[in-house]
Amino acid sequence: MSLQGSDRRDEPSSGSAGGNGAVAAAAASLRLRLNPNKEHKPDGYEDMQLDFSPNIFSSLERYLPPSMLNVPRDEKANFMREILLKYLPLGERNRAQKHREYRERIIANYQPLHRELYSVDPATFFVPTFLRAINDNTEQSIRSIVSEPSPGIFIFDIFQTHFCELLLSEIENFEKWVNETKFRIMRPNTMNKFGAVLDDFGLETMLDKLMEGFIRPLSRVFFAEVGGSTLDSHHGFVVEYGKDRDVDLGFHVDDSEVTLNVCLGKQFSGGELFFRGIRCEKHVNTGTHSEEIFDYSHVLGRAVLHRGRHRHGARATTSGNRVNLLLWCRSSVFREMKRYQKDFSNWCGECNREKKERQRSTVAATKLDLFRRQGESTA
């Protein structure tokens, strides 16, 4: 999402809620609970023909109204589907249907070069320190491998060099196929003219597992206030910078709750990321404060994890070629809850400053009133 607009890549199609009185009553408002029912065990939806990832439905189910928790599974799915469909108008649903058909054509014709990439093999994908921290699955183990050079920006080594090389090779093979077949592909977003959407040529399942099993544990620790513990969908892609590619990337925010950015290679100079503070939609174009300024230089296999609403851009790649993997992780629960909130001071820098200023003004007014009353009592 740029600072002037958004780049939605969700893929629902139309549907309708149905069923008994409980479903009809709940559907009248189409609202979720503010707090999940932690005792409820959600159904699995993997075997159903759905327009969204089955994980989204399992995540949302704990937030259903009490009257909905024990109705048949297909009725729960229809109800949650109606909620999710509120995010996209009919025109965008039609676009999503065309995108599904486009993806199916690619997968039916493209022959992968490295099939071992299409499922997650932790021992060959990840560096040992990262894998041990995730396997231990404690806040202490996760924090032990992560540095936070600026508030809200977390850096850690994640991928082995061999994995980066294989993924680059697969991307080059896909681009070769695209050129040979003259297949017109969709680029990752409105800001990048080069790169590819990894989900579109079969890597969606691998990236789902990467998000669920390896990024969500970190996000649960660092980004709980923006849905880090309920990430349930993603948009995965690579961007390419350098000669005959994109040069830089303008100041923007991502269409994600949490963004993973990993440098895959190759040899390059320049291309630094620059960060300028976290903002909600209302404050996205406000000024930057000195403590929010941070620049980062990419390192092969090293990850940067940040909120999607952390404003950032990329400086020009001055020589060589740089390829980065981006995983925009989203939480349907957070997006639904955000519709009913007005105060984002627990993560938006400007909301937080406004709240502190209100508190300061209130305290100052109270002190002034006390001084005035004391003066009157001694007069």
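Biologist: Against which elements do the buried residues of α2 pack?

Modeller: They pack against α3 (73-85), β4 and α10 (332-338). Contact here means heavy atoms within 4.5 Å. Helices (H or I, at least four residues) and strands (E, at least two) are DSSP runs, numbered from the N terminus. Please keep in mind that this is a predicted model, in which local features need pLDDT of at least 70 and side-chain atom pairs count only at pLDDT 80 or more, while totals for chains, interfaces and linings use all residues. Residues are numbered from 1 along each chain as its sequence is written, and side-chain values use heavy atoms, with hydrogens and water left out.

Biologist: Which residues of α2 are buried?

Modeller: A residue is buried under 20% relative accessible area, exposed over 50%, and partly exposed in between (1.4 Å probe, protein chains only). Helix α2 spans residues 54-61 and is mostly covered, with 6 of its 8 residues buried. They are Ile 56, Phe 57, Ser 58, Ser 59, Leu 60 and Glu 61.

Biologist: How is the packing of two helices described?

Modeller: Two packed helices are described by the angle between their axes and the distance between those axes. Axes are lines fitted to C-alpha atoms, for helices over the stretch in contact, and angles run from 0 to 180 degrees between N-to-C directions. The axes of α2 and α3 come within 10 Å and cross at roughly 100°.

Biologist: What does Ser 233 touch?

Modeller: Ser 233 lies in strand β4 (residues 233-242) and is buried, with a relative accessible area of 15%. Leaving aside residues up to four places away in sequence, Ser 233 touches Ile 56, Met 211, Trp 328, Cys 329 and Arg 330. Ile 56 is also one of the buried residues of α2.

Biologist: Let us turn to sheets. In what order do the strands of the open sheet stand?

Modeller: Two strands pair if DSSP finds at least two bridges between them. Here 4 strands form an open sheet in the order β5-β11-β8-β9, with antiparallel pairing. β5 (249-252) and β9 (293-296) stand at the edges with a single partner strand each, so one side of each has no neighbour in the sheet. From one strand to the next, the twist averages 20°. Within this sheet, β8 (residues 273-278) and β11 (residues 310-314) pair in the antiparallel sense over 4 bridges. Phe 274, for instance, has Gly 313 in β11 as its bridge partner.

Biologist: What is a salt bridge, and how many does the structure hold?

Modeller: Side chains of opposite charge can pair when their charged atoms come close. A salt bridge is a side-chain nitrogen of Lys or Arg within 4 Å of a carboxyl oxygen of Asp or Glu. The structure holds 23 salt bridges. In one of them, Arg 103 pairs with Asp 200, the closest N and O atoms being 3.0 Å apart. Arg 103 lies in helix α4 (residues 90-109) and Asp 200 in the loop between β3 (196-197) and α9 (204-222), so the pair ties together parts that are 97 residues apart in sequence.

Biologist: Is Arg 103 buried or exposed?

Modeller: Arg 103 counts as buried at 11% relative accessibility, and Asp 200 is buried at 1%.

Biologist: Which residues are linked in a network of salt bridges?

Modeller: The network links Arg 279, Glu 291, Glu 292, Glu 350 and Arg 353. Arg 279 and Glu 350 meet in a salt bridge (3.7 Å, N to O). Arg 279 lies in the loop between β8 and β9 and Glu 350 in helix α11 (residues 349-378), so this pair ties together parts that are 71 residues apart in sequence.
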